[in-house]
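Please read them with the structure open.

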Amino acid sequence: MTATATSPEGVPSPGEPLRDFDFKAYLNQARQRVEAALDASMGPERPESLREAMRYSLLAGGKRLRPILCLAACELVGGDASHAMPTAVALEMIHTMSLIHDDLPAMDNDDLRRGRPTNHKVYGDAMAILAGDALLSRAFEMVAVRSAGVPAERLVKVVGELALVSGAPGLVGGQVVDLECEGKQVDLETLEYIHLHKTAALLKACVVSGALIGGASDAQVQAMRTYANGIGLAFQIVDDILDVTASSEVLGKTAGKDLLADKTTYPKLLGLEPSRTRALELVREAKAALHPWKDKAQPLLALADYVASRDR
Ligand code: GRG
């Protein structure tokens, strides 16, 4: 399997097809595995009403980018992806929790997510908060109790990554600054702070956790962090672009929300085309971090391109 390498570093440019790698088939297969594992992850939770609210959002579809990044990173460093599946599920649980909480009236106040009414619209605010809380706790259970075949010291490191990303240094910190900036002029530095914490941090936790489970060296983990910072910011830039260019129907969430809420976004600060250019630059930098792995990195290289080219 050889990538079509044309850049000076031998890293394929964003959008450049990777020879002999069928990304569509890879993505389909990975999504099917993740969906099955997510479905199986929900045990006989009681009370039934809580179980229903948790399942409603967890099994509502979504791109499943985070668990797939985790599995791909594990495989890249020579690990067995099945060992990383409980962690991949845990990361999707944390992501889903953050979406449920983000959609609440006290936060972003949205009523459409993944093409369906938001959790609180169906089950009420209190149940939505509790379903999110239960998914967060369940995520830690997945790693600490349900992972098999992984040395305990690796799992302890993964638990540390998950704790950091779901607390003040990650999602919560990013969300607080985002809320505090509502209705204010925000500079690029602050915007980047928000999205490094709200979006990039979780993508980083995905590849770092997968790599740790696969037995990565410190240098390999560092390369993963660099890769994830790039794709994380690019992901958010594209998210901001799609908010103004795509429909709610395609996105499965309310389009045009940023404009309506007068939010500072990359297109607002930089303009639409410069935002696209910046996203491609970030993806190029992210891909360069994977250079040591050469063709073995094809899934993560293709996932980086997908982040920049996605339409939902
Ligand atoms: C309560 C511990 C705790 C944390 C919650 C609410 C909150 C703190 C943080 C908000 C984080 C957030 C919702 C960031 C937005 C990230 C983003 C762009 C999500 C969309 O991801 P996609 O497009 O969604 O991958 P799908 O549905 O495809 O999975």
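1. In which helix is S98 found? S98 is found in helix α4. The model is a predicted one, and everything below should be read with that in mind. S98 counts as buried because its relative accessibility is 18%, where buried means under 20%. From the C-alpha atom of S98 to that of T277 the separation is 29 Å; along the chain these two residues are 179 residues apart.

2. T96 is another residue of helix α4, which covers residues 81-102. The relative accessible area of T96 is 1%, so T96 is buried. Which residues does T96 contact, leaving aside its neighbours within four places in sequence? They are S57, L58, R114 and L135.

3. K63 has a polar side-chain atom 2.6 Å from an oxygen atom of the ligand. For H95, an N or O atom of the side chain is 2.8 Å from a ligand oxygen. For R114, a side-chain N or O atom likewise lies 2.8 Å from an oxygen atom of the ligand. How much of the ligand does the protein bury? Taken alone, the ligand exposes 760 Å², and the protein buries 90% of that.

4. The largest nonpolar core has 96 residues. Within this core, L69, M224, Y227, L300 and L303 have the most contacts. Helix α10 (residues 218-245) provides the largest share of the core, 13 residues. In general, nonpolar side chains in soluble globular proteins tend to be buried together. What does L300 touch, not counting residues up to four places away in sequence? The residues are L69, A72, A73, L76, V207, M224, Y227 and L290.

5. A228 has its place in helix α10. Is A228 buried or exposed? A228 is buried, with a relative accessible area of 0%. Leaving aside neighbours within four places in sequence, A228 is in contact with A200, L203, K204 and V207. V207 is also one of the residues that L300 touches. The C-alpha atom of A228 is 8.9 Å from that of L202, although the two residues are 26 residues apart along the chain.

6. How many disulfides does a search of the whole structure find? The search finds zero. C206 is in no disulfide, and the nearest cysteine sulfur, that of C70, is 6.4 Å away. A disulfide would need the two sulfur atoms within 2.5 Å. C206 is buried, with a relative accessible area of 0%. C181 is buried too, at 16%.

7. R46 and P47 are joined by a cis peptide bond, with omega about 0 degrees. P47 lies in the loop between α1 (23-41) and α2 (48-58).

8. Which loop holds D262? D262 lies between α12 (257-260) and α13 (266-270). Its phi is near 55 degrees, a positive value in a residue other than glycine. At 44% relative accessibility, D262 counts as partly exposed. K294, in the loop between α14 (272-288) and α15 (298-309), also has a positive phi, near 50 degrees. K294 is exposed, with a relative accessible area of 55%.

Notes. Residues are numbered from 1 along each chain as its sequence is written. This is a predicted model: local features need pLDDT of at least 70, side-chain atom pairs count only at pLDDT 80 or more; totals for chains, interfaces and linings use all residues. Side-chain values use heavy atoms; hydrogens and water are left out. A nonpolar core is a set of buried Ala, Val, Leu, Ile, Met, Phe, Trp, Tyr and Cys residues joined through side-chain atoms within 4.5 Å. Buried means under 20% relative accessible area, exposed over 50%, partly exposed in between (1.4 Å probe, protein chains only). Helices (H or I, at least four residues) and strands (E, at least two) are DSSP runs, numbered from the N terminus. Contact means heavy atoms within 4.5 Å. A polar contact is a pair of N or O atoms within 3.5 Å; within protein, one must be able to donate a hydrogen and the other to accept it, and residues adjacent in sequence count only if both atoms are side-chain atoms. Accessible areas come from the Shrake-Rupley method with a 1.4 Å probe; for residues, only the protein chains shown count as cover.
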